[in-house]
Structures are given as structure tokens and as C-alpha cells.
Amino acid sequence: MSFRVQSVVFPVAGLGTRFLPATKVSPKEMLPIVNKPLIQYAVEEALSAGAEKLVFVTSPSKRAIEQHFQTNVELESALSNSGNKKMLTLVQNIVPSSVECVFVQQEVPLGLGHAVLCARAVVGEAPFFVHLADDLIRSDTPCLKQMQQHYARHHSSVLAVEAVPNDRTASYGIVSVEKEPSGVQRIDKIIEKPEPEEAPSNLAVVGRYLLTPAIFEQLEGRGPGAGGEIQLTDGIAGVLRHEPVHALLFEGTRYDCGSRLGYLKATVEYGLHNEEVGARFQKYLKELTKKI
């Protein structure tokens, strides 16, 4: 029996209001970190974990994401005619030809749980990833690959988590865990955005999920939860009653690119690690800090 996860769901129908007016026309997932949009980093992470089907749950107003992963005949022709083979190869290989891209419409923004449910017909009865593109994670082993490796060993749903300050629990789904004899951390409770005094721990789910198809039954027919939306967290809470769900303290550094400060931090740090401009950028920053 294969324990490979072949599908990944990208919920990208949100309005991105924190970045207005930049996101009035362009989706927040298309905001660039150096020279690649957030959604491309997300796709590359999914491909590294072996994903072969990319499912974008989008909205009618977000055509830019779909266009980014389609062939641009005019651009490719111009690059070919100018002899710019490096850039031509770059735009032609954003997604390998063997990988399927599927775009599913979420007509009404009813929450993350609803977005995942919209992908059910495409994902089928198989385990799948959910990846939130505005949580950017820099690591030697991509986060989804770490989760795939965990699933191959333990054959259960797994959520990526990290410890957050106690006063920040109301911004996340928070889990409590029990450590099993095997060393894995099994989730026994998950609550969406609890106030600090109600939080079962300070372990926060951070935009990476590996879920079994049991989640769909828990989301089907579920009413609104926190914030008046259909919460994925509530569906996972239902799954807990029937099968194990693990928490994975992943290796890596997370940047919350859904916030302006997190986005700026990611831009600086990815810029410093960029092969083409990193050294010059570091020199510039050192000179700049002397003036402040």
C-alpha cells in the first residue's frame, strides 16, 4: 500500500484586506518575495513533497493566480526571440508538465473549512495536503515533505504546529497533545482562536495540514463556527473522535506573510539568502543601519 500524498489544496479565495490597496486587483498570494510570488513558493514546497495534483480553491475575481500557472505565449515568444534562454526556461518550468493544476471556484467566502470542502470532488477519497500560502516556511527540508515523511511512518493526519506567545493564542487554532510511547504527539483537543485563559496550550497550527478524507464527513453540513465561518478546526475536532491526528513541531522558520511585518521580515531574509543579490543586499543593509 502506498502512503504517498498526491494532492494539495491551496485555499486562495480570501480578499487579502490587510494589504489593501495592493490586493484590490492582485491577490495577496501573488505578492512577491524577491522575484517569486507567495503562491509559487507554496507550489514548489508541494512538489518537493511529491504532490502531483495542485487544487486551487479560488474566486472569480482572482484570475491572476490561474494565469500565473498557465502558458503565456506572448511572453515566451518575446523571450525566445530575444535569446533570453534563462528567463524562458524559468517561466516554462514554473510547474512541470506532469503535474495537474485544477481550479475550483468558491463562490461565497464561507471559511477555510468550506474552501477545503469545495475541493472534495477533485481530491477524492485519499489523503491530501492543505497549504496556506501566506504562511511561508524556510527550512532545509520543506515543511510538507517533513509531514509526508511523518505520514509514511504513522499513517495518520498530521498538523504542523509551533509554540506561540501565550498572548497570541486568539490568532490561531490551538492544540493540546498527549505524547505516545512511539514519541509522536497525538492531538486530544483543538480550538479555533481561543483567548489565552481558554487556550489548552500555546501550540498553534500554522497553515500546513495533512488530512485523511474523514475530514469531509465532518465538514459536510457543518454550520458556522468562530467568526461566523465554517472552520476547518471544527472539522478536525470531529475527526479526533474517530481517528488519530498528530502534531508535528516542524523544523524551519515561519514568516506570517498575512501580516505586513511578517511579509517585510520574509522579504529581507529571503533577499539576504538570494544567490544573485544576497551579498550586495547585505552590504546595503549594513550601510543603512549605520545611518539610523
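**Close-up views of cavities, pockets, backbone and salt bridges**

View 1. The largest cavity holds about 30 Å³ of space, where a volume is the space filled by probe spheres set on grid points that are joined across faces, edges and corners. The residues that line the largest cavity are Ser157, Leu211, Thr212, Ile215, Ile236, Val239 and Val245. By class, the lining of the largest cavity divides into five nonpolar, two polar and no charged residues, with Ala, Val, Leu, Ile, Met, Phe, Trp, Tyr, Cys and Pro counted as nonpolar, Asp, Glu, Lys and Arg as charged, and the others, Gly among them, as polar. Because this is a predicted model, local features need pLDDT of at least 70 and side-chain atom pairs count only at pLDDT 80 or more, while totals for chains, interfaces and linings use all residues. Residues are numbered from 1 along each chain as its sequence is written, and side-chain values use heavy atoms, with hydrogens and water left out.

**View 2. The largest pocket**. A volume of about 1200 Å³ belongs to the largest pocket, and 42 residues line it, of which Lys28, Leu112, Leu132, Asp134 and Lys193 lie nearest its centre. At least two residues of this lining are supplied by each of α5 (112–118), β10 (185–192), β11 (203–211), α9 (232–240) and β13 (253–256), where helices (H or I, at least four residues) and strands (E, at least two) are DSSP runs numbered from the N terminus. The largest share of the lining of the largest pocket, four residues, comes from β11. That lining has 19 nonpolar, 12 polar and 11 charged residues.

**View 3. The second largest pocket**. The second largest pocket contains about 740 Å³ of space, and among the 27 residues that line it, Gln40, Met87, Leu90, Val91 and Ile94 are the closest to its centre. Strand β3 and the helices α1 (38–48), α2 (63–68), α3 (73–82) and α4 (85–92) each supply at least two residues of this lining, and the largest share, six residues, comes from α4. The lining of the second largest pocket divides into 10 nonpolar, 11 polar and six charged residues.

**View 4. Backbone details at Pro21, Val34 and His155**. The peptide bond from Leu20 to Pro21 is cis, with omega near 5°, and Pro21 lies in the loop between β1 (7–11) and β2 (32–33). Val34, a residue other than glycine, has a positive phi near 65° and is found in the loop between β2 and β3 (36–37). At 36% relative accessibility, Val34 counts as partly exposed, a class that lies between buried (under 20% relative accessible area) and exposed (over 50%), with a 1.4 Å probe and protein chains only. His155, although not a glycine, has a positive phi of about 60°; His155 lies in the loop between α7 (143–154) and β8 (157–163) and is partly exposed, with a relative accessible area of 41%.

View 5. Arg254 forms a salt bridge with Glu162, and their closest N and O atoms are 2.7 Å apart. Arg254 lies in strand β13 and Glu162 in strand β8, so this pair ties together parts that are 92 residues apart in sequence; Arg254 is buried, and so is Glu162. Glu66 forms a salt bridge with Arg63, with the closest N and O atoms 3.0 Å apart, and both residues lie in helix α2, three residues apart, about one turn of the helix. The side chains of Glu125 and Arg120 meet in a salt bridge of 3.9 Å, N to O. Glu125 is exposed at 62% relative accessible area, whereas Arg120 is partly exposed at 21%.

Key: On a 1 Å grid over the protein atoms alone, a cavity is a set of points where a 1.4 Å probe fits but cannot get out, and a pocket is an open set with protein on both sides within 12 Å along at least five of seven lines; lining residues have an atom within 4 Å of a point. A salt bridge is a side-chain nitrogen of Lys or Arg within 4 Å of a carboxyl oxygen of Asp or Glu.
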